[in-house]
Amino acid sequence: MCASYGLDPRFTDVELLAEQDAAMLEGLREWAEHNAGETLRPTGRNRRNLNPLIAPGPPPVLQPGWWGHLVDGAPAPYPSINTRSERLQQRPGALRHRAIVPASGWLEMRKPERVWHEFGLGPGIVFGMAAVTQHGRTADGEEYTCYSLVMRPSPPHLADVHDRMPVLIPTSFADEWLRAGAGRGVIDDALVAAASLDERVRATARADDRGAAERLF
């Protein structure tokens, strides 16, 4: 599962949308700078950290998202921050609402050594991760867009570090992921598109899973 990722405000290359506007990029950079290099984690009951999402338009818009589901006004009592691609293939109804999560890397622990690894497409590159979304409301009546990252089996060169990884959305497939009709076809096509990025993904060992001023994600 993926339980933490990062967004480095110093990004120099963005592979998200074919025609992302300057306001969206500035919004991403401002959010990342305000986050001060902290690792992005699931939204909690007390600390309502909201993370940036690219939601369908037209045109696509940047909005805050609650990582995980809300049930009866509280964080879901079941695992909800990740959704298996296989489950979406079997039950495509959950694909009705989708988004793209901007990131410059994600973290997984290699076991049994318990060594953290950072995955990404390279320094300074912001890319998109597939997410499914749903409406949520807290006990105090606040409404949020809740999201769950879509996970797939890792390719062979990464599987020895972790057996699953997020479904990455290449720029050429972003519009289809955001706007295509719900159905098994969209997740099948997303997996094919994601595989085109496999050889670019690298995993680098690191000391911990915390952000740091000297080395942001």
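User: How many of the six residues of β9 are buried?

Analyst: This is a predicted model, in which local features need pLDDT of at least 70 and side-chain atom pairs count only at pLDDT 80 or more, while totals for chains, interfaces and linings use all residues. Residues are numbered from 1 along each chain as its sequence is written, and side-chain values use heavy atoms, with hydrogens and water left out. Strands (E, at least two residues) and helices (H or I, at least four) are DSSP runs numbered from the N terminus, and buried means under 20% relative accessible area, exposed over 50% and partly exposed in between (1.4 Å probe, protein chains only). β9 is largely enclosed by the rest of the structure, because the number of its six residues that are buried is five.

User: In what order do the four strands of the open sheet that includes β9 run?

Analyst: Two strands pair if DSSP finds at least two bridges between them. Strand β1 (residues 5-6) is joined to β9 by two bridges, β9 pairs with β10 over five bridges, and β10 pairs with β15 over five bridges. The edge strands, each pairing on one side only, are β1 and β15 (202-206). The pairing is antiparallel and the order is β1-β9-β10-β15.

User: Which residue in the turn of the β9 and β10 hairpin has a positive phi?

Analyst: The bridge partner of Arg-110 in β10 is Val-115. The hairpin has four residues between its strands, and the turn residue with a positive phi, of about 60°, is Arg-114.

User: Which residue in β9 stands opposite Tyr-5, and which residue in β15 is the bridge partner of Trp-116?

Analyst: β1 and β9 run antiparallel, and Tyr-5 stands opposite Trp-106. β10 and β15 also pair in the antiparallel sense, and in β15 the partner of Trp-116 is Arg-206.

User: How many aromatic pairs does the model contain?

Analyst: Rings of Phe, Tyr and Trp (its six-membered ring) pair if their centres lie within 6.5 Å; planes under 30 degrees apart count as stacked, over 60 as edge-to-face and the rest as tilted. Ring pairs link Tyr-5, Trp-67 and Tyr-147 into a cluster. By the rule above, the number of aromatic pairs is five.

User: Is the pair of Trp-106 and Phe-119 stacked or edge-to-face?

Analyst: Trp-106 lies in strand β9 (residues 105-110) and Phe-119 in strand β10 (residues 115-120), so the pair ties together parts that are 13 residues apart in sequence. Both Trp-106 and Phe-119 are buried. Their rings are 5.2 Å apart centre to centre with 10° between the planes, and the pair is stacked.

User: What is the geometry of the pair that Trp-106 forms with Phe-127?

Analyst: Phe-127 lies in strand β11 (residues 125-137), so its pair with Trp-106 ties together parts that are 21 residues apart in sequence. Both Trp-106 and Phe-127 are buried. The ring centres are 6.0 Å apart and the planes are at 80°, so the pair is edge-to-face.

User: Over which ring does the charged end of Arg-29 sit?

Analyst: A charge sits over a ring if NZ of Lys or CZ of Arg is within 6 Å of the ring centre and within 35 degrees of the ring normal. The charged end of Arg-98 sits over the ring of Trp-177, 5.4 Å from its centre. For Arg-29, the charged end is 3.9 Å from the ring centre, and the ring is that of Phe-11.

User: How many disulfides does a search of the whole structure find?

Analyst: A disulfide is a pair of cysteine sulfur atoms within 2.5 Å. The cysteine sulfur closest to that of Cys-2 is in Cys-146, and at 17 Å it is too far for a bond. Cys-2 is buried at 0% relative accessibility, and Cys-146 is buried with a relative accessible area of 0%. The number of disulfides found is zero.

User: Which residues are closest to the centre of the largest pocket?

Analyst: The largest pocket holds about 420 Å³ of space, and β7 (82-84), α2 (85-90) and β11 each supply at least two residues of its lining. One of the lining residues is Val-132, which lies in strand β11 and is buried, with a relative accessible area of 6%. On a 1 Å grid over the protein atoms alone, a pocket is an open set of points where a 1.4 Å probe fits, with protein on both sides within 12 Å along at least five of seven lines; lining residues have an atom within 4 Å of a point, and a volume is the space filled by probe spheres set on the points, which are joined across faces, edges and corners. Of the 20 residues that line the largest pocket, the closest to its centre are His-69, Asn-82, Thr-83, Arg-87 and Val-132.
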